[in-house]
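Please examine the chain displayed below.

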Amino acid sequence: MGTPRPRTVTSTVIRFIFFLSVVIFTLSPLRSDAQTSVSLSLGVFQQEDGAKNRDTPSMLVGILTLSPHTGWHAYGPGELPTGQPTTVTFTLEPEKTELVSLYPEPELEPDLFDKDTVVPVYNDTTPIFVKLPAGLVPPFTLTANASMLMCSSTSCWPVHKTLRFTATQDTVFPKLADTGFSTLLASLQNNPPSVAPTPTTPDNIKTPTTPKQTDSTLPTENQFEPRYATPDFEVSSLLKALPLAFLAGLILNLMPCVLPVMSLKLTGLLSACSRNSAMERARILRQHNTMFSLGIIVYFIILSVIFGALGLAWGGLFQNQTVIIAASAIIFLLALSLFDIYHLPILSLRMTKTNETSPHGAFFTGILATLLATPCSGPFLGGVLAWTLLQPTVVIMAVFFTIGIGMAFPYLLLALRPEAMRFFPNPGPWMIHLERLVGFVLVATSLYFLAMLETRLVFPTLILLWLVAAAAYIWGKLTSLSQPPSRRLALRLVAVFIVVFGAVLLFRGEDEPSRWVDYTPATFTDRLCKENIVLDFTAEWCPTCKLLEKTVFTPDNIDTWSDRFDATFIKVDLTRNDEHTMKLLNSLGSQSIPLVALFPRETNCQTPMVLRDMFTSGQITSLMETTFQQE
């Protein structure tokens, strides 16, 4: 009776994926932005003062016409503070004579990516001229090598193109006057700006500057022309990006960050299928793998929108310390579920009777697998993303959607052909050992994430993981369904509170500017007896010191005390053994920390007030009132 419904869920999801793919690929241009950002054409024209008789030498002018597409611009010529200058080199063949280019004066605008910098740009159709030698008659070939950087409000793309114009004895050259460029050429001939002039701008705007000429011929950052060891995997169009994206997504399943999750979910499915009839097994496999695949695809689409909107690089989310800390805590929490400490279906990786048929569990596991894949790039992904992340958002979405399809492909196949599970090994006790093994791998992954953190955040994050473990124990071992609902809810709220309150306490005010002065012997000596000094001895290995930093020496308290008592706060770090700092600690009659010493200015500056071990904000405020007496 209930069999058709899972089939409906599966077919609905597959139809949704198909519909989404049609929409994304319909909106995505198949050509690269290098082709769709600008049009270039080359022609040769006869000047009006040239002779009309073919027996008389003609005055000819070559024109490369640069036409940016709507929303795009090229930079002007010459040295620029940002971007890449437009350069056009004209060559006359067969002599291979290089000719002088004449560039029109560009417009001056704030740079799209640095509003404080003004740059010369070409927004509209722009002719770049070259005067051909007097008396030149066909046959000849004019070659133009154009190099520029085309930029829109979302991306930039380099353009390198060679154009040729071949004139024969039968070629009829159109008149320059018919192009509408004759007046512009006349002004350039009178005062030829071979490069863009230095603009005059307000004092608060940066202007392009010409660097000093040196004997060195070292290239600038805009002159590099990289060569690639694997050019076949370098992408220049969507048609090449999509198959490589699919293959990269498929290989992501084998990456060490992702493989534990995949293997555990497959073994969980084996266990589920071993306890059901053939029809029920097919239902479970279809539902689970479809929702698992949907989680993968949805995550990649969300990621593509974020990258397109914020202009992030691949893995750019992991440049954010908060994301790394959260990911490490979540992965550690998942590892604890594999050691049977707790069970939370929406996060747990374990396949229990309840979670076998839960589409939510499979969906969120798909998202988790993709999250773990982000810092674990697979083969082919580098070349694909190098081109993709410079494109408009809809192109990024198309490529990321294809990566998601590639990663989800094996599970979509299992959803369509569930009978393929018969090729997998039979379930047994080995699955319990695999579950524990994957738990250790996830713990290692969590520790790997810690390696991405700034040093100052590692210790607080380790404390957070300890609090996560305590909360998981309370959730899983101190609560049960046999308890009254109110008691069970209260205990689980306590578990959540421990993690949330601990995170707020551990990472509060990390981004605020510090008023602490780092200790050096010279710094301390120069200020002694001249300023009110609060000397705080601390170390990374001292948990009591860290607790005091979070509860007593908060940024708000430091600001208040600094203003009220005109005090300077100096931090003495004993994390590493240092002769000078240890002598200073010994001179204060101690060999242990925490310790705070208050040195008043002038009077009694050689007899500091010392406060040991644990203390409160009120205690140290009272001590400052006594020690730093108003003069």
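The accessible surface of the chain comes to about 32,300 Å², and carbon and sulfur atoms account for 59% of that surface. The model is predicted: local features need pLDDT of at least 70, side-chain atom pairs count only at pLDDT 80 or more, and totals for chains, interfaces and linings use all residues. Residues are numbered from 1 along each chain as its sequence is written, and side-chain values use heavy atoms, with hydrogens and water left out.

Of the 631 residues in the chain, 47% are buried; buried denotes under 20% relative accessible area, exposed over 50%, and partly exposed the range in between (1.4 Å probe, protein chains only). The secondary structure consists of 19 helices and 16 strands. These elements are DSSP runs numbered from the N terminus, helices being H or I with at least four residues and strands E with at least two. Among contacts with a separation of 6 or more, 74% join residues 24 or more positions apart, a contact being heavy atoms within 4.5 Å.

Val 496 belongs to helix α14, residues 485-507. Val 496 is partly exposed, with a relative accessible area of 42%.

| Cis peptide bond | Omega |
|---|---|
| Pro 138 and Pro 139 | about 5° |
| Ile 593 and Pro 594 | about 10° |

Pro 139 is located in the loop between β9 (126-131) and β10 (140-151). Pro 594 occupies the loop between α18 (579-587) and β15 (595-599).

Positive phi angles also occur at residues other than glycine. Asp 340 has a phi of about 65° and lies in the loop between α7 (321-338) and α8 (353-356). The relative accessible area of Asp 340 is 36%, which means that this residue is partly exposed. Asp 566 has a positive phi of about 50°; its position is in the loop between α17 (555-565) and β14 (567-573).

Notes: Accessible areas come from the Shrake-Rupley method with a 1.4 Å probe; for residues, only the protein chains shown count as cover.
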